[in-house]
Amino acid sequence: MHVQQQTALALGGGAALGAAHVGVLRALDELHIPIAMISGTSIGAFIASLFAFGKSWQEIRDIALELDWLDLSGLTLSQYGLLSNRKFGDLVNNLLGHKTIEDASIPLSMVATDIGTGKEVVLRKGAVASAVMASSCIPGVFRPVDYRGALLVDGVLVENVPVSPLLACEDSRVVCVDLLGRHAFKKPENIIGLLLNAFYSTITNTTAIQTGKADLCIMPDLSAFSLVDTSRASEIMDIGYRDALFALNMWLEQVNTGGKLD
């Protein structure tokens with residue numbers, strides 16, 4: 001089954017839950033749904049970048065299984081944050097080369113927050129590594145990324161599931177992935193977990209409004225998993241795949257029979 005219009009994909013943030021995006025990409029591949037445009041916030045920006053530059057879901061799976069949050073951060077002295085996510089940028093450069101967003105084979109955008117103004121910043125140009133760093137920069141933990149004179153932090157604060165950058169293309173149907181739509185928050189075990197719970201729990205209502213503009217919102221049931229534990233990435237991928245396959249099949253049936261999309 002095929003969707004006649006082009007499909008645009010928005011990958012949301014959710015820290016370690018981002019492994020579910022790999023399962024979604026697998027389901028899209030198996031159903032032969034090509035992606036014409038992609039956007040990402042936070043961990044979604046990292047996955048979106050790899051995909052936009054031609055990495056297969058299998059390659060992204062192998063990369064994600066090797067990720068360890070502690071390997072992506074380093075101590076630094078700063079008035080704005082304790083850690084630097086420079087290693088995350090280095091990882092992107094190692095995987096893709098020193099690319100700009102404009103070099104992507106699939107049109108790519110990433111969402112960050114200008115912490116000086118509180119406004120959303122959609123990154124469509126410039127260094128991929130810097131954009132990924134900015135979009136995934138947890139405020140208070142990581143130093144903000146100085147990007148063309150602005151101090152940028154995690155896009156979770158403004159649009160955790162970045163649907164809006166894709167809406168301008170009227171010829172595309174928008175599929176988005178909300179990693180937190182069915183998430184059950186748990187007692188945090190450390191400062192990172194505390195801050196992630198604080199950020200993500202406050203955006204639930206806003207995110208639901210934003211994802212309502214998409215043609216399909218995939219919400220994997222990841223309630224059994226932690227935001228910071230990367231050791232269960234393989235299980236998270238499997239659930240992302242299972243839930244995405246079900247949602248996409250239902251959606252395709254509606255599209256192909258002319259049914260109304262919810």
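# Close-up views of a predicted model

**View 1. Asp171 is exposed, because its relative accessible area is 56%.** Residues are numbered from 1 along each chain as its sequence is written, and side-chain values use heavy atoms, with hydrogens and water left out. Asp171 sits in the loop that links β9 (150-154) to β10 (172-177). Helices (H or I, at least four residues) and strands (E, at least two) are DSSP runs, numbered from the N terminus. Which residues does Asp171 contact, leaving aside its neighbours within four places in sequence? They are Gln5 and Gln6. Contact means heavy atoms within 4.5 Å. Now look across to Leu96. Asp171 and Leu96 are separated by 75 residues in sequence and by 29 Å in space, C-alpha to C-alpha.

**View 2. Asp243 belongs to helix α8 (residues 233-256).** Is Asp243 buried or exposed? Its relative accessibility is 13%, so Asp243 counts as buried. The side chains of Asp243 and Arg242 are joined by a polar contact of 2.8 Å. A polar contact is a pair of N or O atoms within 3.5 Å; within protein, one must be able to donate a hydrogen and the other to accept it, and residues adjacent in sequence count only if both atoms are side-chain atoms. With neighbours within four places in sequence set aside, Asp243 touches Arg182, Met219, Pro220 and Asp221.

**View 3. Helix α6 (residues 191-201) has a set of buried residues.** They are Ile192, Gly193, Leu195, Leu196, Asn197, Phe199 and Tyr200. What covers them? The cover includes β7 (140-142) and α7 (204-211).

**View 4. Asn93 is part of helix α4 (residues 86-96).** Asn93 counts as buried because its relative accessible area is 14%. Set aside its neighbours within four places in sequence, and Asn93 is in contact with Arg86, His98 and Ala129.

**View 5. His32 has a positive phi of about 55 degrees, although it is not a glycine.** Find His32 in the loop between α1 (20-30) and β2 (35-41). His32 is exposed, because its relative accessibility is 56%.

**View 6. Ser42 is not a glycine, yet its phi is positive, near 60 degrees.** Ser42 lies in the loop between β2 and α2 (43-52). Its relative accessible area is 5%, so Ser42 is buried.

View 7. Along the principal axes, the C-alpha atoms fill a box of roughly 60 × 40 × 35 Å. Of the 262 residues, 55% count as buried. Take the contacts with a separation of 6 or more: residues 24 or more positions apart account for 74% of them.

Note on methods:
This is a predicted model: local features need pLDDT of at least 70, side-chain atom pairs count only at pLDDT 80 or more; totals for chains, interfaces and linings use all residues. Buried means under 20% relative accessible area, exposed over 50%, partly exposed in between (1.4 Å probe, protein chains only).
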